[in-house]
Amino acid sequence: MPIKVHTFHVPKSGHTDDEYEDAFATSDPDRLPFRAAIADGATESAFSGGWARAWVAEYLKHGDLIESAAAARARWTPPADDRWYVEAKAAQGSHAAVLGVEISAAGTDSRPGHIDSRPGGSWRAESLGDCCLFLIRGGALRLSWPFTRADAFHNRPALLSSHASRDDSAGAAAMEAPVATEGTWHAGDAFMLTTDALAAWMLARREERDAWRSLLACADGPSADGPGEAPGDSAPDDRARGAFERFAAAARRGDDHPLSNDDTTAVIIRL
Amino acid sequence: MAYSAEISRSSPTAILFLLDQSASMQDVFGGAEQRGDAAPSKARVLADTVNSLLQNLVLRCAKEDGVRDYFHVGIVGYGERVQPLIRPAAESPTAPNFVPISYLAERPLRLEQRVRQVNGEQRKVKFPIWFDPRAKNGTPMCQALDLAAQIVRDWIDLHPHDFPPIVVNVTDGEATDGDPLEFARQLRSFATDDGEALLFNVHLSSSEAPAVELPDAAAELPREDYALQLFQMSSPLPFSMRAAAEQEGYRVNLDTRGFVFNADPASLVRFLEIGTRPSNLR
């Protein structure tokens, strides 16, 4: 029973792909522990997309938010630029909301390789900021973490800074501590990691199964009547991507709690 | 009015500064740490305030690939004359008397080296200067508000659906050409689909009364000749800006107005939402 992983992303409407500042990374789905990370670079910092990518890459190696931050900071050197405003922004540091999850086999039976002998195990997640983790079990949304309400999101979340110092040139306040949670998983579960816009959209619809199932269905490939349907004979990945882009475009146009116009990213993990 | 239009490159908003450059601005500023002869003039504080606000605005829009034009900026000085202080290039895509924020970012008068404390170390940083102090003649604030109304109306004609223009008037409060309240009302009556133009006032006074930031009632104002009038001229903060203010720990309500007395007005432009902002950056 290998893990199936689907990743989706679209930039903010009106922005180019180069301006997309979310990041995501997943480890080898054939090996446990499996790790997935997602990050959302802050609009108002410079180099935040690069910082987001640096952290998710380190999370796959370390599986620990703080250790990954330290490793990413050690490697982090934004390109030198003598324009006064780029220098000033670089001095303020780069910022991103980050969330990582590590999925392990059960108890002491953890071993590399496929997990078909014992379909189930434990998981652990850490977060700083407003990315969100969802657990879907038996077709129901069993967990949303660390946020449970759509109105909890705002424009000024705590974020992971590329500066280790808590007292940098911009007069930074003390960094809020990351939060962590853990649980057990069963065969058939699905995890979804999302950046804030999609998380808020999901939470506004937590009782509307059809709405968020349409999102999960993007990972199911083409179907006769679902959003996965795509014309022609394009490859499955392209069709899934097209399905997600259509899903996001429709959700942004919605009347009731539309999807905010923001970089939008989802990592769907089916166990 | 919603004041909920997204501020983006395709839907920018306008910020128009009105700068009091009258002779009374030569008097000392009462809100400084220094007192007496050591205190800076109000004209010096105005120049520092405007340079700092422009720097903050640029930095809010700056990314590694350049400055994004979320804001169109206009500046009108009033004193010896009432006149726009920046002129857009002929090919400027903006309404008359405005330039995109990226244009200002690339064209400060000069960059000064200033020393700042960074992580316990003294570091040199570049500080952009666009304006130097100037103080001459009377205070034709009514004329300035009238010109601002025309400039705002021209901008709205080109941006009828965008977040409405914000006018930031920096003054010591003493109009010498009439009652500015009427002109302020007229200015605030021009609107986009998203809301009426906002007028915020930054009162720089020689009074040593304690600073006041974002008051919601006249009772909070200092006993200073012009504070009440400037407070009455100021727009209430719209919902989106109140929400941002609350997230920063300000106590605000429906009556909170965009007015500061001898205080740093940086919050007034910081409350405009253009995307995720690190809560640990102020």
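This is a predicted model: local features need pLDDT of at least 70, side-chain atom pairs count only at pLDDT 80 or more; totals for chains, interfaces and linings use all residues.
**Chain B as a whole**

Let us start with the overall make-up of chain B, which has 7 helices and 14 strands. Its radius of gyration is 18 Å, close to the 19 Å that the globule rule gives for 282 residues, so chain B is as compact as a globular protein of that length. Along the principal axes, the C-alpha atoms of chain B fill a box of roughly 50 × 50 × 40 Å. Of the 282 residues in this chain, 50% count as buried. If you look at contacts in chain B with a separation of 6 or more, 74% of them come from residues 24 or more positions apart.

**One residue to look at**

B:Phe127 is 72 residues away from B:Gln55 along the chain, yet the C-alpha atoms of the two are separated by 8.1 Å.

**Two helix pairs**

Two packed helices are described by the angle between their axes and the distance between the axes. Here are both values for a pair in each chain.

| Helix pair | Angle | Axis distance |
|---|---|---|
| α1 (residues 48-62) and α2 (residues 65-75) of chain A | about 130 degrees | 8 Å |
| α3 (residues 141-158) and α4 (residues 180-189) of chain B | about 5 degrees | 9 Å |

In chain A, the angle of about 130 degrees makes α1(A) oblique to α2(A). The crossing of α1(A) and α2(A) is right-handed. On the α1(A) side, the contact is made by A:Ala54, A:Trp55, A:Glu58, A:Tyr59 and A:His62. From α2(A) come A:Glu67, A:Ser68, A:Ala69, A:Ala71, A:Ala72 and A:Arg75. The residues of this contact between α1(A) and α2(A) divide into 6 nonpolar, 2 polar and 3 charged.

In chain B, the angle is about 5 degrees, and α3(B) and α4(B) are therefore roughly parallel to each other. Helix α3(B) brings B:Met141, B:Cys142, B:Leu145, B:Asp146, B:Ala148, B:Ala149 and B:Val152 to the contact. Helix α4(B) meets them with B:Pro180, B:Phe183, B:Ala184, B:Gln186 and B:Leu187. For α3(B) with α4(B), the contact residues divide into 10 nonpolar, 1 polar and 1 charged.

Conventions: Residues are numbered from 1 along each chain as its sequence is written. Chains are lettered from A and ligands numbered from 1 in the order in which they are written. Axes are lines fitted to C-alpha atoms, for helices over the stretch in contact, and angles run from 0 to 180 degrees between N-to-C directions. Helices (H or I, at least four residues) and strands (E, at least two) are DSSP runs, numbered from the N terminus. Angles under 35 degrees count as roughly parallel, over 145 as roughly antiparallel, 65 to 115 as roughly perpendicular and the rest as oblique. A crossing is left-handed if the near helix is turned anticlockwise from the far one by less than a right angle, and right-handed if clockwise. Two residues are in contact if their C-beta atoms, placed from the backbone, lie within 7 Å. Ala, Val, Leu, Ile, Met, Phe, Trp, Tyr, Cys and Pro count as nonpolar, Asp, Glu, Lys and Arg as charged, and the others, Gly among them, as polar. The radius of gyration is taken over C-alpha atoms; the globule rule is 2.2 Å times the number of residues to the power 0.38. A residue is buried if 20 or more other C-beta atoms lie within 10 Å of its own, exposed if 12 or fewer, and partly exposed in between; C-beta atoms are placed from the backbone.
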